[in-house]
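This briefing walks through a single protein chain, moving from its overall build to two individual residues. Please keep the sequence and the structure in view while reading.

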Amino acid sequence: MSKDALHELRDRLRSFAEERDWGQFHTPKNLAMALAGEAGEVIEHFQWLSAEQSATLDDTTREEVALELADVLLYLVRLADVLEVDLAEAARRKLAINAGRYPAEKARGRADKYHRL
């Protein structure tokens with residue numbers, strides 16, 4: 001998602017919340033808890049599936065997962081907005097950090113934590 005797309009989504013969410021006077025409820029704590037709850041709803045869809053089953057969802061389940069992922073994204077973008085975090089910039093910085101922690105020549109094909117490479 002481009003920086004512009006994130007900003008557009010942020011602005012739409014901000015307006016959505018303002019139109020409903022929800023700013024009073026959108027504290028960082030509440031938004032973080034809602035984000036975790038929605039991530040849990042994503043997990044529920046995969047909880048008892050094998051790795052193969054999780055990669056081959058039926059259309060109905062895939063759509064349900066898509067909507068849960070959208071909820072996660074919406075809460076994440078809203079939380080970043082309330083905390084005045086430029087999410088696209090933070091993601092770019094984190095990707096650069098991870099590139100240093102997980103150099104391709106050491107990390108390729110491995111799932112080890114960076115300090116064990």
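The domain bounds used here come from an automatic or database domain assignment. On that basis the protein chain divides into domain 1, covering 3–84, and domain 2, covering 85–116, and the C-alpha centres of these two domains lie 23 Å apart. The model is a predicted one, and the values below are computed from it.

**Overall build**

- The secondary structure of the protein chain consists of six helices and zero strands, so that, read from the N terminus, the order of elements is α-α-α-α-α-α.
- With a radius of gyration of 17 Å, well over the 13 Å that the globule rule gives for 117 residues, the protein chain is more spread out than a compact globule.
- Taken along the principal axes, the box that the C-alpha atoms of the protein chain fill is roughly 50 × 35 × 25 Å.

**Domains and contacts**

- Where domain 1 and domain 2 meet, eight residues of domain 1 are in contact with five residues of domain 2.
- Among contacts in the protein chain with a separation of 6 or more, 61% are made by residues 24 or more positions apart.

**Surface and charge**

- Of the 117 residues in the protein chain, 19% count as buried.
- The protein chain exposes about 8,700 Å², of which carbon and sulfur atoms supply 54%.
- There are 17 positive and 22 negative side chains in the protein chain, and the centres of these two sets lie 11 Å apart.

**H26, in a loop**

- H26 is found in the loop between helix 1 (3–19) and helix 2 (28–44).
- The relative accessible area of H26 is 16%, and because buried means under 20% relative accessible area, H26 counts as buried.
- Not counting residues up to four places away in sequence, H26 touches A17, L31, R78 and V82.

**P28, in helix 2**

- P28 lies in helix 2 and has a relative accessibility of 35%, which places P28 in the partly exposed class, the range between the 20% limit for buried and the 50% limit for exposed.
- Leaving aside neighbours within four places in sequence, P28 is in contact with L79, V82 and L83.
- Although P28 and L83 are 55 residues apart along the chain, their C-alpha atoms are separated by 7.0 Å.

Terms used. Residues are numbered from 1 along each chain as its sequence is written. This is a predicted model: local features need pLDDT of at least 70, side-chain atom pairs count only at pLDDT 80 or more; totals for chains, interfaces and linings use all residues. Side-chain values use heavy atoms; hydrogens and water are left out. Helices (H or I, at least four residues) and strands (E, at least two) are DSSP runs, numbered from the N terminus. The radius of gyration is taken over C-alpha atoms; the globule rule is 2.2 Å times the number of residues to the power 0.38. Buried means under 20% relative accessible area, exposed over 50%, partly exposed in between (1.4 Å probe, protein chains only). Contact means heavy atoms within 4.5 Å. Accessible areas come from the Shrake-Rupley method with a 1.4 Å probe; for residues, only the protein chains shown count as cover. Lys and Arg count as positive and Asp and Glu as negative; His and the chain ends are not counted. The place of a charge is taken as NZ of Lys, CZ of Arg, CG of Asp or CD of Glu.
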